[in-house]
Amino acid sequence: MSGSFIAGHDDVLGAAFLRDGYVISQVEDVPSLTRIRDRLAALAAAELGKAAPNAPQDFLDNIHKFVPIEKLNDFRVSLIGKINAESWVREAYYRLAEKALHALVGNELAMQRRVNLSIQLPDDESSLLPAHADTWSGDSPFEVVLWLPMVDCFDTKSMFVLPPEVNARIAPSLAKYESEGIEALFREHESEFRYLTVKYGQYLLFDQNLIHGNRINREKTTRWTFNCRFKGLFTPYADKKLGEFFEPITLRPATRMGLAYRPPGNFRG
Ligand SMILES: O=C(O)CCC(=O)C(=O)O
Ligand SMILES: [Fe+2]
């Protein structure tokens, strides 16, 4: 993006995001990450009648030893409720990628009101997200997803994204998969999907307009990842509205000033 008013690291990060459709970096605030991970592990242990674990990452990686697949969705939904009930969690989550969000999205942001949690036990076929773009189901194209692993994620224990140039090549022929099913798209382009290696301690920020999703986790350990959407506060909204799904988090003074302004009655100046 040379020649733009955006300079230095923001420019480099923006170019990488546009080229690849994502960026992966070390979290910007390690204490916030540790706090989220430890709280999640303690809540998960409490669900199972256990004490908070001494080795939280190991405990999460091995949760399939304690949670049978038929109980998994209730377990997950309960944890989502409990983690979102912790009033500090969203701010801590934002701090993990604050600078990158400012560089890629802007400094006046709306954030999803609830963080979402995926748990995929090894060989579990019940909680998959087939290839999709979020814009196919009510998200605005202005949103990015901040995706945060609580354990090391790689290969089928992670998610896949189509590179932007492949996505652009496929887009004109998407309609044919309406009848054939989206699985056919995955099979035809399997070698072009990129599984992202994102370790605990890192985050992924990705473009949800690109086709992405996951497969059966064929690794030996359980996948735990959060996801949460961010967008420029004043960019267009689709079905997910401000106040319902999104909430302003970083209103700047000039915007507050403008929103508070009332025209002076019938004085015309
Ligand atoms: O976590 C995944 O495997 C997919 C996530 C996803 O589709 C999303 O966050 O939009
Ligand atoms: Fe998605």
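This is a predicted model: local features need pLDDT of at least 70, side-chain atom pairs count only at pLDDT 80 or more; totals for chains, interfaces and linings use all residues.
Local features need pLDDT of at least 70 and side-chain atom pairs pLDDT 80 or more, while totals for chains, interfaces and linings use all residues. Residues are numbered from 1 along each chain as written, chains are lettered from A and ligands numbered from 1 in the order written, and side-chain values use heavy atoms, without hydrogens or water.

**View 1. The shell around ligand 1.** The residues around ligand 1 (a heavy atom within 4 Å) include Leu129, Trp147, Phe206 and Asn227. Five residues of the shell are nonpolar, four polar and three charged. Strands (DSSP runs of E, at least two residues, numbered from the N terminus) S4 (144–149) and S9 (223–232) each supply at least two of the shell residues. S9 gives the most, with three.

**View 2. Side chains at the oxygen atoms of ligand 1.** A polar side-chain atom of aspartate 134 lies 2.8 Å from an oxygen atom of ligand 1. For histidine 212 the distance to an oxygen atom of the ligand is 3.0 Å, and for an N or O atom in the side chain of arginine 229 it is 2.7 Å.

View 3. Aspartate 134, in the loop between strand S3 (116–120) and S4, and histidine 212, in strand S8 (residues 212–213), are 78 residues apart.

How values were computed. A polar contact is a pair of N or O atoms within 3.5 Å; within protein, one must be able to donate a hydrogen and the other to accept it, and residues adjacent in sequence count only if both atoms are side-chain atoms. Helices (H or I, at least four residues) and strands (E, at least two) are DSSP runs, numbered from the N terminus. Ala, Val, Leu, Ile, Met, Phe, Trp, Tyr, Cys and Pro count as nonpolar, Asp, Glu, Lys and Arg as charged, and the others, Gly among them, as polar.
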